[in-house]
Amino acid sequence: MSAIDLYNRATPGFDGRVAHALAVLQSAAVDHAGRIVQATSLGAEDMVITDLIARNGLAIDIATLETGTLHAETVALIGRMEEHYDLRVEVYRPRQDEVITFVRANGEEAMYRSLELRKACCGIRKLEPLSRMLNARSAWITGLRREQSNHRGVVPFNDRDDAGRAKFNPLADWSWNDVWHYIATNGVLYNPLHDQFMPSIGCAPCTRAIAVGEDFRAGRWWWEDEAAKECGLHVNPSQAQGVAA
Ligand code: SF4
């Protein structure tokens, strides 16, 4: 059964939430012209946002983090997006010297050994490249939603990151069913791993399929306590959680 079969549901207020998300993006593109980027995790929510941006010709750059440990299906999605929408996706990779030094010292599976090592890996493979992506930009867009986990209940549409940049979360009030209803009705590209019971897809070593009834976040860093499941991409007091990248 595909993710569309599983999750696509039309729910009351859907059209209004789409219109509002588009309005958030349009306003952000005007207010931060030339200095705004969608930091896409290539997850389902972010594919919806890219579709809204491309479909409406909004002047918002698209960028992603290629950590070096992504599934082949996720990496392939970058090229599929570029071809489908005729746009360029900026790809930010970790510094190879840092990766080599870390892996030599701690091994390929360091993330399973301690929270400190897992966060160090996220720091090298995600946070440092993200800082380069956001450098010289005044605003970024994420696919965060309020219902994604307990920590995300306060996700606002307009926020600020720790550096004072504007941070927009246009799908903050969308449900998972909304996301898949939009994908289904608009023919949006998505990662085929979503069809293998992986609602939240990150790096391959840190992502697994979930069982029926499990929380979506159970597929990410599953060996850690729920409270530790952050990679640091979204770290301000109102949003202490990690992105699905
Ligand atoms: S999600 Fe896993 S593999 Fe990816 S950067 Fe973090 S610890 Fe490393």
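Let me begin with a definition: a residue is called buried at under 20% relative accessible area, exposed at over 50%, and partly exposed in between, with a 1.4 Å probe and the protein chains only. By that definition Arg-35 is partly exposed, because its relative accessible area is 39%.

Two remarks on the source are needed. This is a predicted model, in which local features need pLDDT of at least 70 and side-chain atom pairs count only at pLDDT 80 or more, while totals for chains, interfaces and linings use all residues. Residues are numbered from 1 along each chain as its sequence is written, and side-chain values use heavy atoms, with hydrogens and water left out.

I return to Arg-35. Helices (H or I, at least four residues) and strands (E, at least two) are DSSP runs, numbered from the N terminus. In those terms, Arg-35 belongs to the loop between helix 2 and strand 1, the latter covering 36-40. By contact I mean heavy atoms within 4.5 Å. Apart from neighbours within four places in sequence, Arg-35 is in contact with Ala-136, Arg-137, Ser-138 and Ala-139. From Arg-35 to Arg-146, which are 111 residues apart along the chain, the C-alpha atoms are separated by 26 Å.

Ala-136 is found in the loop between helix 6 (115-134) and strand 4. Its phi is positive, about 70 degrees, although Ala-136 is not a glycine. For background, most residues other than glycine have a negative phi. Ala-136 counts as exposed, because its relative accessibility is 67%.

Next, the ligand. Which residues are around the ligand? A residue is near a molecule if one of its heavy atoms lies within 4 Å of it. The residues around the ligand are Thr-69, Met-111, Arg-118, Cys-121, Cys-122, Arg-125, Lys-126, Cys-203, Cys-206 and Trp-221. In this shell, six residues are nonpolar, one is polar and three are charged. Here Ala, Val, Leu, Ile, Met, Phe, Trp, Tyr, Cys and Pro count as nonpolar, Asp, Glu, Lys and Arg as charged, and the others, Gly among them, as polar.

Two residues of the shell can be described further. Trp-221 lies in the segment after helix 7 and has a positive phi of about 45 degrees, although Trp-221 is not a glycine. Is Trp-221 buried or exposed? Trp-221 counts as buried, because its relative accessibility is 1%. Arg-125 is part of helix 6 and, at 10% relative accessibility, also counts as buried. Beyond its neighbours within four places in sequence, Arg-125 is in contact with Thr-67, Gly-68, Thr-69, Pro-94, Val-99 and Val-103.

Glu-66 lies in the loop between strand 2 (61-65) and helix 4, and is buried, with a relative accessible area of 13%. With neighbours within four places in sequence set aside, Glu-66 is in contact with Val-75, Val-91, Tyr-92, Arg-93 and Pro-94.

Now to the interior. A nonpolar core is a set of buried Ala, Val, Leu, Ile, Met, Phe, Trp, Tyr and Cys residues joined through side-chain atoms within 4.5 Å. The largest such core has 40 residues, and those with the most contacts inside it are Trp-174 and Trp-180. At least two residues of this core come from each of several elements, including helix 1 (3-7), helix 3 (44-55) and strand 6 (166-168). Which helix gives the most to this core? Helix 2 does, with eight residues.

As for Trp-180, its contacts, not counting residues up to four places away in sequence, are Ala-3, Ile-4, Tyr-7, Asn-8, Ala-44, Tyr-190 and His-194. There is also a second, separate core of 11 residues, which includes Phe-102, Ala-110, Leu-117 and Cys-122.

Val-212 counts as exposed, because its relative accessibility is 82%. Val-212 and Met-198 are 14 residues apart in sequence, and their C-alpha atoms are 11 Å apart in space.
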